[in-house]
Amino acid sequence: MARRTFVEKLTISEPEIVPPHDFSFQYNYYVISPERQEDDALVEVIKLKDGKIVKVELRSIGTVEHPCLELTVKTLTKVTDQEISEIKEQISWRLCLTDDLKSFYKICKGDSVMQTAISTNYGAKDKAHLSVFEAVIDCVCSQNVIFKRLYEMMNNLCRRFGDKIQRQS
């Protein structure tokens with residue numbers, strides 16, 4: 001018998017997201033396990049403080065200058081208001097939503113090399129690791145390897161040592 005999946009739709013927008021923010025950079029680059037790309041969504045699997053595991057599908061529904069994210073939260077039990085706040089906090093941290101790039105862009109204004117780099121990646125922000133342990137493992141695994149191998153190693157580590165989740169059909 002299939003278990004019921006609870007679905008909650010949320011949005012995060014300004015002022016919770018500081019523009020400019022180009023989500024396509026985060027959707028298309030450095031998608032490392034346990035992250036996934038599914039159709040038009042970046043998928044994060046988050047373990048909450050109470051141990052509950054939730055799947056969060058992220059889709060950009062805004063622009064670089066007026067960013068907005070739609071979050072589709074899927075879980076086996078209904079999420080509480082406190083859990084929704086925690087999910088938003090973790091996504092905000094992970095995707096660096098509050099990082100303000102304006103002062104960086106101001107400093108780079110007179111530098112032609114930096115302007116070229118900025119023009120191709122305007123609004124691009126990094127992703128943060130959710131724990132120091134995750135950051136250390138990522139750093140160790142990414143030493144002297146091509147990205148394809150890094151992605152394979154991180155996927156294998158997640159499969160072998162990560163929390164098991166039940167997939168819904």
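**Briefing on the predicted protein chain**

The protein chain contains 6 helices and 5 strands, where helices (H or I, at least four residues) and strands (E, at least two) are DSSP runs numbered from the N terminus. Starting at the N terminus, the order of elements is β-α-β-β-β-β-α-α-α-α-α. This is a predicted model, in which local features need pLDDT of at least 70 and side-chain atom pairs count only at pLDDT 80 or more, while totals for chains, interfaces and linings use all residues. Residues are numbered from 1 along each chain as its sequence is written, and side-chain values use heavy atoms, with hydrogens and water left out.

**Overall form**

- The protein chain has a radius of gyration of 17 Å, close to the 15 Å from the globule rule for 169 residues, so it is as compact as a globular protein of that length; the radius is taken over C-alpha atoms, and the rule is 2.2 Å times the number of residues to the power 0.38.
- The C-alpha trace spans about 60 × 40 × 30 Å along its principal axes.
- Of the 169 residues, 36% are buried (buried means under 20% relative accessible area, exposed over 50%, partly exposed in between, with a 1.4 Å probe and protein chains only).
- Among contacts (heavy atoms within 4.5 Å) with a separation of 6 or more, 64% are between residues 24 or more positions apart.

**Residue T72**

- T72 lies in strand 5, which covers residues 68-75.
- T72 counts as buried because its relative accessibility is 3%.
- The side chains of T72 and K9 are joined by a polar contact of 3.3 Å (a pair of N or O atoms within 3.5 Å; within protein, one must be able to donate a hydrogen and the other to accept it, and residues adjacent in sequence count only if both atoms are side-chain atoms).
- Apart from neighbours within four places in sequence, T72 is in contact with V7, E8, K9, K55, V56, E57 and R59.

**Aromatic residues**

- The structure has 6 aromatic pairs (rings of Phe, Tyr and Trp, the last by its six-membered ring, with centres within 6.5 Å; planes under 30 degrees apart count as stacked, over 60 as edge-to-face and the rest as tilted).
- One of the pairs is F25 with Y29, which is tilted at 5.2 Å centre to centre and 35° between the planes.
- Y29 is partly exposed, at 47% relative accessibility.
- F104 and Y105 also form a tilted pair, with 5.7 Å centre to centre and 50° between the planes.
- F104 is partly exposed at 37% relative accessibility, whereas Y105 is buried at 14%.
- One aromatic cluster is formed by F25, Y29, Y30, F147 and Y151.
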